[in-house]
Amino acid sequence: MHPPSRQDYISISFAGQGSGNYNNSKQWRRQSCWRKWKQLSRLQRSLILVLLFICGIASYPAVTEHLRGLTDGDHDTDANSFLRPAIPRVLPEPVKQGQPPLPEQTSQRKLSNKRGPPVLQNRLQKKGNASDPVVDKARQDKAANSKKEGVEEGVISWRGAVIDAEQATEDTKDGENKEDSLGNQKGKPSNESEPSRLEAVQEAFRHAWKGYKDFAWGHDELRPLSKSYSEWFGLGLTLIDALDTMWIMGLKKEFEEARAWVSTELTFNKNVDVNLFESTIRILGGLLSTYHLTEDTLFLDKATDIGSRLMPAFNTPSKIPYSDVNIGKGTAHPPRWTSDSTVAEVTSIQLEFRELSRLTQEPQYQAAVAEVMKQVHKLDGKLDGLVPMFINTNNGQFTHQGIYTLGARADSYYEYLLKQWIQGGKNENQLLEDYLQAVEGVKKNLLQKSSPNGLTFVGELSHGQFSPKMDHLVCFLPGTLALGAHHGLPADHMDLAKQLMETCYQMYVQMETGLSPEIVHFNMHQGSTRDIDVKLADRHNLLRPETVESLFYLYRFTKDHKYQDWGWEILQNFNKYTKVSSGGYTSINNVRDPDYPSPRDKMESFFLGETLKYLYLLFSDDPNLISLDQYVFNTEAHPLPIWPSTA
């Protein structure tokens, strides 16, 4: 018996004025297609979807190239052009000193993709010394077209951000300095003179300050693209963070404007929760530093006010402080989601409170932070001097044990062990012992080399499993190690500092924008083609200071001009990819995409307080400009005096 034959058509009756009144409506077509689709077996439908997906993938490059061609042609004046992000032009080619570089009008991403994977780049090739005639021809044609269309030379724009390319000049002439196997120049100082580099940092500061003054005056942080501001505590964080930077750079006009605001507008009598750590290092540290540099008691009075209002944080069962304080109500509490504080936060407030006690002759500030260090010193749960990331404010014990990192939540604990010892005149042996033990713990447990080029890096340990993950925050370590060596600690600390400094620099130079991502992972397997990988979620750059901070220390102690040259490259790339035309600099989301680095619309206060300050000090050849024998920097780059030794 044969099964009934399957009909190969569908009969549909339409309501209305008769069956012959078919009008080819969209509704009828949707119903008809849907019924035909439902008649197909599940296998048939799956195959069709897979075929459609493959066709879409295959056609995507052609479609995107066609669209790019439209956006790069004469359609820029289209009424809908404002919906498309402008693609910035990249400037990899060197130019002669004293001449503005021609912008590379590379409209297609094929040219930027010539950089390939983030392998160790040969900087001679990267800088264009071996020129590509095809690229040169395209660049010349596009530059000529830009002039015809009235495009301003030396300016790169995307979504309102404009990067001045005129500072993107090279530091050395072709072949002037020899390079090592990684492409690093050795020996000779750069052609770029000290005054011009210092002026470039001053100009960067003025540009950042202009954006803050115009759009965020008296508020915490600038949002440069939207020409607005964001509040964290509502205490003028950027302004206070930048006070001593302006003084060091000799920007008297800007400093006086800021001082007037502190005098007349800054008040801490507010019903607002502040983070103990952030307000200590940025506000208390910034005010104390400015007082020492200026001897203006206005800043000491304000520092004493905020310092006293932060003290309720220490009213805990364990004397380990809470993370948050209401400076108006005088109450404190842990975060909403936990009773823990991070180890870095509770052990990186000591320099500031110790100095406040010394200035005010009120011992409670120093006593409170000394108790924290005393308890952490004797806690179980350390690994060869390395500490976990969290500590409970109720029982005073480490939590989430077994995870060790020198990145976020633990980093500045190690920094402040050394710096408290230096600040106190090198008399507090317990702090020194803990620091030396921690450095040995890093060497034993966290130090590895990458493949294929053998970059020394500091990874992480989680319950005995090593991870080759390294935060940009860890790049404070070369500077800290060098500082310790300068103050008499083992010479091999300086050797390790130099190795790690090279690694931190490579975290910049291997990225297509020349700016480091927030986190990198190092390859350790033999046969790897590149040393560094970056996950998609880690490709952002927040204008952080740690690498230029360490460059400052390494140059101050070694006088090797390559460290200045590396810092100059970083400054130029900040100008190229993060500078906003109307004022300010912005964090970016993607350091791997020079065509569209994707701005975040936020300028962190530490860009003025730390990054630009360390760049200025790096380019200065005056060892007495904040002498490292007289001052120690807190973790927000605010210099505090080293106390006279009582030994």
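Cys475 and Cys504 form a disulfide, with sulfur atoms 2.1 Å apart (a disulfide being a pair of cysteine sulfur atoms within 2.5 Å). The count by this rule is 1 disulfide. The torsion about the S-S bond of Cys475 and Cys504 is about -105 degrees, so this disulfide is left-handed. Cys475 sits in the loop between β16 (469–471) and α16 (477–486), and Cys504 in helix α17 (residues 492–509), so the pair ties together parts 29 residues apart in sequence. Helices (H or I, at least four residues) and strands (E, at least two) are DSSP runs, numbered from the N terminus.

The model is predicted: local features need pLDDT of at least 70, side-chain atom pairs count only at pLDDT 80 or more, and totals for chains, interfaces and linings use all residues. Residues are numbered from 1 along each chain as its sequence is written, and side-chain values use heavy atoms, with hydrogens and water left out.

The mean pLDDT (the predictor's confidence in each residue, from 0 to 100) is 81, and 72% of residues reach 70 or more. Over residues 1–30 the pLDDT is below 50, and this stretch has 7 contacts beyond near neighbours in sequence. Contact means heavy atoms within 4.5 Å. Where pLDDT is low, the predicted coordinates should not be read in detail.

Residues in α18 that meet α20 include Val548, Leu551, Phe552 and Tyr555. Their partners in α20 include Thr611, Tyr614 and Leu618. By class, the contact of α18 with α20 has 9 nonpolar, 1 polar and 2 charged residues. Ala, Val, Leu, Ile, Met, Phe, Trp, Tyr, Cys and Pro count as nonpolar, Asp, Glu, Lys and Arg as charged, and the others, Gly among them, as polar.
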